[in-house]
Amino acid sequence: MLWLSRVKGLPKPDVKLWSNYSIEELKSMLSKIDKDWLEYINTTDNFDRELSYINYTGAPFTNNVETIMIHTANHASYHRAQVAMMLRQNGFEPVNTDFITYDRVIRGQLPG
């Protein structure tokens, strides 16, 4: 949400980065941001532009929008791995979160 707001030049969203949210709140937030990112991607022609912004600690940075989009995907993978590790450490087997598995499910090659 924060990155898309920056990319679109909108005010910072009213989201607490390190807050506790219920599963239902998270589902709703995820559904909205997925829709918003897809809308942005489908209505934007040029992702090769520089974006200057202030990060959440107040430091100024400039990054390419395409690089920011790659970062969001990579960063999400990082957190999925953290969750999987914590589940294993507590005796649970996490679900498969590999992107290729997701693609296989979407293509009907594996059951969802």
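What follows goes from the whole chain to single residues.

**Ground rules.** I am working on a predicted model, where local features need pLDDT of at least 70, side-chain atom pairs count only at pLDDT 80 or more, and totals for chains, interfaces and linings use all residues. Residues are numbered from 1 along each chain as its sequence is written, and side-chain values use heavy atoms, with hydrogens and water left out.

**Whole chain.** I looked up the secondary structure and got four helices and two strands. For these I use DSSP runs numbered from the N terminus: helices are H or I with at least four residues, strands are E with at least two. Reading along the sequence, I wrote down α-α-β-β-α-α. The radius of gyration came out at 17 Å, well over the 13 Å of the globule rule for 112 residues, so the chain is more spread out than a compact globule. That radius is taken over C-alpha atoms, and the rule is 2.2 Å times the number of residues to the power 0.38. Along its principal axes, the C-alpha trace spans about 45 × 35 × 25 Å.

**Burial and surface.** I find 19% of the 112 residues buried. My cut-offs are under 20% relative accessible area for buried, over 50% for exposed, and partly exposed in between, with a 1.4 Å probe and protein chains only. The chain exposes about 9,000 Å², and carbon and sulfur atoms supply 58% of that. Those areas come from the Shrake-Rupley method with a 1.4 Å probe; for residues, only the protein chains shown count as cover.

**Contact range.** Taking contacts between residues at least 6 apart in sequence, I see that 38% join residues at least 24 apart. Contact here means heavy atoms within 4.5 Å.

**S5.** I found S5 in helix α1. With a relative accessible area of 10%, S5 is buried. Setting aside neighbours within four places in sequence, S5 is in contact with L10, P11 and P13.

**Y21.** Next I went to the loop between α1 (2-8) and α2 (23-43), where Y21 sits. Y21 counts as partly exposed because its relative accessibility is 26%. Its side chain reaches the backbone nitrogen of K16 at 2.9 Å. I count that as a polar contact: a pair of N or O atoms within 3.5 Å, where within protein one must be able to donate a hydrogen and the other to accept it, and residues adjacent in sequence count only if both atoms are side-chain atoms. Not counting residues up to four places away in sequence, Y21 touches V15, K16, L26 and M29.

**Y40.** Buried or exposed, I asked of Y40? At 8% relative accessibility, Y40 counts as buried, and its place is in helix α2. Beyond four places in sequence, I list contacts from Y40 to L4, V7, K8, F47, R49 and V65. I also checked Y40 against F92, 52 residues along the chain, and their C-alpha atoms are separated by 37 Å.

**N55.** I placed N55 in the loop between β1 (50-54) and β2 (60-64). N55 is buried because its relative accessible area is 18%. Its side chain makes a polar contact with the side chain of T57 at 2.9 Å. Leaving out neighbours within four places in sequence, N55 is in contact with R6 and F61.

**F61.** That contact with N55 took me to F61, in strand β2. F61 is partly exposed, at 41% relative accessible area. Apart from residues up to four places away in sequence, F61 touches L51, S52, Y53 and N55. I noted 8.2 Å between the C-alpha atoms of F61 and L51, ten residues apart along the chain.
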